[in-house]
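Student: Could we go through this model together? I'd like to start with the strands and then move on to the packing.
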Amino acid sequence: MSPVPVFLSTFLLAVFGPTDVVGDLRGSAASSSSDKFLPIEIPINRCFDVQWNPPGYPLLNANYLQAPWGDGGDNRDGFYTFQTFTNGTISFVRKADDGEIVPVFQEVEFLAISDDVLLFNGDPHDGDGFPLGGGYGTLIKAPSIPAGDTDGSWTTKQLVNNSKMTAQEWLMKNFQTSATRNSSSVDKTKCQQHQSTTRTSLWQQPVWNMTFFFLLGFVCSTAFFVVKSKCYDRKRIIASDNNHDDSSKNTYVGSDLDSV
């Protein structure tokens, strides 16, 4: 192989090296294998076990608000969040201040939503059994309303597959951690910078224009001369073969005349 293409490839990779692209791909792979906990922090004083009126929409009445079922006690600290699994299951846990993960519900079912509240059933069942209502009704209050165990009524909508806002979107909107929010802002800035850099392409940079066209001309010229040289050598070989054949014929004819 001619060293010219190798030189060109090395030069271009050195100038426009793929390390940034590889880094982006590794970053995507790393983010795809990130922590299974949703990046949200629900304060303890905004999540309650409630007595409610099934199905909970279009009007939800919530009464007797207290600590989520199975997570009572005055020594609770930390915050609540959700954990997701590859099989689609979502569990509800509390992350204590010392880092301990306290399971609350192994599975949840989101039921109703409004701008101010989100209602879900903890450890849902088919309706036959304890507790009534198909599970442990649990209410989350958004920062748009006061925290605390005050009863309330809210106009709500059923959470279905085609809902305008999913439960996860509602949770991210209201309880996304500041670190994740800042990280998203940084990622967005990096993306904008990357797009801006991409727009300034090779054709918009005079120095790289000159270098590129110089190398392109050099490669084309070299290839042209190599092909031309090979063609010239081929013609010489053919001409030499023709001269040899003519010389052989003349010798043969001369021999015949001598014999006559």
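Student: Which residue in β6 does Lys95 stand opposite?
Tutor: Lys95 stands opposite Ile101 in β6, where strands are DSSP runs of E with at least two residues and helices are runs of H or I with at least four, both numbered from the N terminus. Before going on, note that this is a predicted model, in which local features need pLDDT of at least 70 and side-chain atom pairs count only at pLDDT 80 or more, while totals for chains, interfaces and linings use all residues. Residues are numbered from 1 along each chain as its sequence is written, and side-chain values use heavy atoms, with hydrogens and water left out.

Student: And what is the bridge partner of Phe79 in β5?
Tutor: That is Lys95; β4 and β5 (residues 90–95) pair in the antiparallel sense over six bridges, two strands being counted as paired if DSSP finds at least two bridges between them. β5 also pairs with β6, again antiparallel, over four bridges.

Student: What about the turns, which residues have a positive phi there?
Tutor: In the hairpin of β4 and β5, with five residues between the strands, Gly88 has a positive phi of about 95 degrees, and in the hairpin of β5 and β6, which has five residues between its strands, Gly99 takes a positive phi near 95 degrees.

Student: Where does the charged end of Lys95 sit?
Tutor: It sits over the ring of Phe37, 4.3 Å from the ring centre, the criterion being NZ of Lys or CZ of Arg within 6 Å of the centre and within 35 degrees of the ring normal.

Student: Switching topic, what is the strand order in the seven-stranded sheet?
Tutor: The sheet is open, with antiparallel pairing and the order β10-β3-β2-β9-β8-β7-β11. β10 (152–155) and β11 (157–158) are the edge strands with a single partner each, so one side of each has no neighbour in the sheet. Next to that, β3 (residues 59–66) is joined to β10 by four bridges, with Ala62 opposite Gly152.

Student: Which strands does α3 touch when it packs on that sheet?
Tutor: α3 touches β7, β8 and β9, and its direction makes about 40 degrees with that of β9; contact means heavy atoms within 4.5 Å, and axes are lines fitted to C-alpha atoms, for helices over the stretch in contact, with angles from 0 to 180 degrees between N-to-C directions.

Student: How many aromatic pairs are there in the whole structure?
Tutor: A search finds 11, where rings of Phe, Tyr and Trp (its six-membered ring) pair if their centres lie within 6.5 Å, and planes under 30 degrees apart count as stacked, over 60 as edge-to-face and the rest as tilted. Tyr80 and Phe92 have ring centres 5.1 Å apart and planes at 15 degrees, so this pair is stacked. Phe105 and Tyr136 are stacked as well, at 6.0 Å centre to centre and 15 degrees between the planes.

Student: Is Phe105 buried or exposed?
Tutor: Phe105 has 2% relative accessibility and therefore counts as buried, buried meaning under 20% relative accessible area, exposed over 50% and partly exposed in between, with a 1.4 Å probe and protein chains only. Tyr136 is likewise buried, at 15%.

Student: Which residues touch Asp49?
Tutor: Not counting residues up to four places away in sequence, they are Tyr64, Leu65, Gln66, Ala67, Pro68, Trp69, Tyr136 and Gly137. Asp49 is found in β2 (residues 47–52), and its C-alpha atom is separated by 7.1 Å from that of Tyr136, 87 residues apart along the chain.
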